[in-house]
Amino acid sequence: MDDFEKRLNEKLQDPAFRIAWEDSEAEYNLIKALIKARNDSGLTQHQLSDKTGIDQAILSRIETGKANPSIKTLQKLAKGMGKKLVIDFK
């Protein structure tokens, strides 16, 4: 367990924080997965931008949680990284 997960587990003991976290957890997981996939592909934001036609500034906004990408945008990003977009409900 890394430091982030340890700290998160501590904070989740606070009911108000838990509610806020649960409301934003999917967004955080998407951002984390996108950054990991891009890094695993060995691509910079600029390179992914060139491959997908999605402006690098928009990629930055998505990766910092300041933009909510459409599924179509996520599919373009996945294709640009040589990956397939998979969405799952648990």
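The entries below go from the overall fold to helix packing, then to charges and the surface.

**Entry 1: the fold.** I reminded myself at the start that this is a predicted model. I then counted secondary structure and found five helices and zero strands. Reading along the sequence, I wrote the pattern down as α-α-α-α-α. For the extent, I took the C-alpha trace along its principal axes and got about 45 × 25 × 25 Å.

**Entry 2: α1 against α2.** I looked up how helix α1 (residues 3-11) sits against helix α2 (residues 15-40). Their axes come within 10 Å and cross at roughly 140 degrees. The antiparallel class needs an angle over 145 degrees, so α1 is oblique to α2. On the α1 side I listed Phe-4, Leu-8 and Lys-11, which meet Phe-17, Trp-21 and Tyr-28 of α2.

**Entry 3: α3 against α4.** Next I asked at what angle helix α3 (residues 45-52) and helix α4 (residues 56-63) pack. I read about 120 degrees, with the axes 8 Å apart. Perpendicular covers 65 to 115 degrees, and α3 and α4 are therefore oblique to each other. I noted the crossing of α3 and α4 as right-handed. From α3, the contact uses Gln-45, His-46, Leu-48 and Ser-49, while α4 supplies Gln-56, Leu-59, Ser-60 and Glu-63.

**Entry 4: charges.** How many salt bridges does a search of the whole structure find? I got four. One that I opened up joins the side chains of Glu-10 and Arg-7, at 3.5 Å from N to O. Why are these two about one helical turn apart? Glu-10 and Arg-7 lie three residues apart in α1, which means a separation of about one helical turn.

**Entry 5: the surface.** Last, I checked which residues make a nonpolar surface patch. I found Ile-71, Ile-87 and Phe-89 there, with a patch area of about 390 Å². I also placed Ile-71 in the fold: this residue belongs to helix α5 (residues 71-80).

Technical notes. Residues are numbered from 1 along each chain as its sequence is written. This is a predicted model: local features need pLDDT of at least 70, side-chain atom pairs count only at pLDDT 80 or more; totals for chains, interfaces and linings use all residues. Side-chain values use heavy atoms; hydrogens and water are left out. Patches are made of residues with over 30% relative accessible area and no salt bridge: like charges are joined within 9 Å, nonpolar side chains (Val, Leu, Ile, Met, Phe, Trp, Tyr) within 5 Å. Accessible areas come from the Shrake-Rupley method with a 1.4 Å probe; for residues, only the protein chains shown count as cover. Helices (H or I, at least four residues) and strands (E, at least two) are DSSP runs, numbered from the N terminus. Axes are lines fitted to C-alpha atoms, for helices over the stretch in contact, and angles run from 0 to 180 degrees between N-to-C directions. Angles under 35 degrees count as roughly parallel, over 145 as roughly antiparallel, 65 to 115 as roughly perpendicular and the rest as oblique. A crossing is left-handed if the near helix is turned anticlockwise from the far one by less than a right angle, and right-handed if clockwise. Contact means heavy atoms within 4.5 Å.
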